[in-house]
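Let's take a walk through this model together.

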Amino acid sequence: MRLSLQLQSNPAVNETPEQNKELPSAVSMSGRLRELASLFLKLGTISFGGPAAHIAMMEGEVVRKRRWVTHEQFLDMLGAANLIPGPTSTEMAINTGFVRAGWAGLCVAGASFILPAALITGAFAWAYVRFGSLPQAAAVLGGIKPAVLGVIAVAISRLGKTAVKDAGLAILGALSLVGFFWGLSPILILFGGGLAGMLVRRLAKGRGAAAVVFSVPASPSFLARIFGNFSVGYATAAAVAPVAAGIALVRPSVDQVALFFLKLGAVLYGGGYVLLAFLEQGLVRQHAWLTQQQLLDSVAIGQFTPGPVFSTATFIGYLLAGVPGAVVATLGIFLPSFFYVALLAPVLLRQSEWMGAFLDSVNVCAGALMFGVTIRLGMDALRGWLSWVVAALSLAVLLRWKVSPAWVVLGGGIAGALLAAVR
């Protein structure tokens with residue numbers, strides 16, 4: 001009896017075949033977490049170019065290369081991420097982590113994507129405070145921008161082939177693009193387009209001519225007629241009076257910095273392009289914590305460094321309250337995204353035909369917004385024949401060879417630096 005009790009207390013002796021089968025599962029989960037950490041640390045370190053480029057790189061890695069999710073799953077995650085506040089690309093990383101490895105994967109993927117950008121931005125903030133000026137990066141940016149355009153264009157093309165399933169969705173995408181250039185809110189386009197598309201598609205099912213429109217496949221020639229004939233005249237004029245960088249009028253506490261960025265992360269729609277307006281209103285006008293020049297320098301660093309544009313918060317937090325300020329600002333602006341995705345990720349979004357129709361419509365509207373943003377980026381980036389050459393070469397490389405978009409973007413930055421050196 002004593003021997004029997006000793007055997008039962010020894011797991012190595014008393015293990016059953018069923019229990020042994022659990023060991024590979026545990027190892028597999030550990031391996032998945034390492035894969036997620038490795039991938040998103042890499043992407044967080046080299047993903048230049050803003051949310052659209054980040055999403056393009058993620059699509060290449062998790063859909064085409066690793067096949068962790070399907071194109072439809074990726075588009076569903078993108079549609080859901082566009083409907084909640086916070087940085088879209090970070091929420092895509094968080095959601096991918098959940099799909100791959102559950103709750104632990106959700107935390108690992110999100111933190112791994114954010115950490116490199118926060119550390120790099122924090123280093124720039126230290127240099128800025130210590131030396132009083134920003135590193136000169138115009139040449140590198142001049143090469144990165146047109147390369148990023150090629151990455152985004154290829155991603156939009158690939159996602160569009162999956163998202164635009166019929167003629168009705170193609171028309172909805174064109175209308176969304178028109179609304180974007182007319183200045184409609186992206187949230188209005190996404191929610192309004194999603195609801196309208198859902199209602200029309202579901203109500204038109206099996207009803208005469210309307211049903212025919214939603215049953216016609218969206219062929220390349222049809223898409224060319226819809227989008228190729230669309231032309232936009234876009235011009236903006238903005239004047240901001242430069243203010244010398246200096247000490248802010250008010251020095252906030254660490255708690256105040258944390259609360260400000262937590263509120264911002266909880267309500268901010270529209271990504272990095274809308275972030276500047278919120279920061280200017282709150283930090284410069286309302287609280288007078290920063291000067292206008294400090295804010296513009298912070299946003300410039302957020303655009304230049306890889307990873308989420310929201311890492312601008314790290315830079316500002318350091319300016320306001322040193323290392324503790326950088327930490328709480330980073331946690332504050334990103335924490336709501338983990339919360340929102342944690343609420344959405346376990347939900348099967350396509351449980352009904354109505355929800356499927358809604359997501360199909362939202363995905364097309366999101367693609368139209370990415371296309372519109374790409375046009376605006378092109379107007380800024382493609383200035384001079386050298387930028388056109390870099391963009392064309394980047395597009396050709398991506399289409400001809402299976403090259404990671406990250407290397408194309410880095411190649412563009414190196415090309416920009418070399419061209420500036422030989423001038």
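Start at helix α9, where A167, G168, L169, A170, L172, G173, A174, S176, L177, G179, F180 and F181 are buried. Buried here means under 20% relative accessible area, exposed means over 50%, and partly exposed is in between, using a 1.4 Å probe and protein chains only. Helices are DSSP runs of H or I with at least four residues, numbered from the N terminus. With 12 of its 15 residues buried, α9 is largely enclosed by the rest of the structure.

This is a predicted model, so to speak of local features takes a pLDDT of at least 70, and side-chain atom pairs count only at pLDDT 80 or more, while totals for chains, interfaces and linings use all residues. Residues are numbered from 1 along each chain as its sequence is written, and side-chain values use heavy atoms, leaving out hydrogens and water.

Back to α9: the helix covers residues 167-181 and reaches 22 Å from its first C-alpha to its last. That is close to the expected 21 Å, which is 1.5 Å times one less than the number of residues. Just after α9, G183 takes a positive phi of about 95°.

Now for the cores. A nonpolar core is a set of buried Ala, Val, Leu, Ile, Met, Phe, Trp, Tyr and Cys residues joined through side-chain atoms within 4.5 Å. The largest has 60 residues, and F40, M58, F74 and M92 have the most contacts inside it. Apart from it lies another core of 36 residues, including I94, L268, V299 and F315.

What about the cysteines? C107 is partly exposed at 44% relative accessible area, whereas C365 is buried at 0%.

Notes: Helix = DSSP H or I, 4+ residues; strand = E, 2+ residues; numbered from the N terminus.
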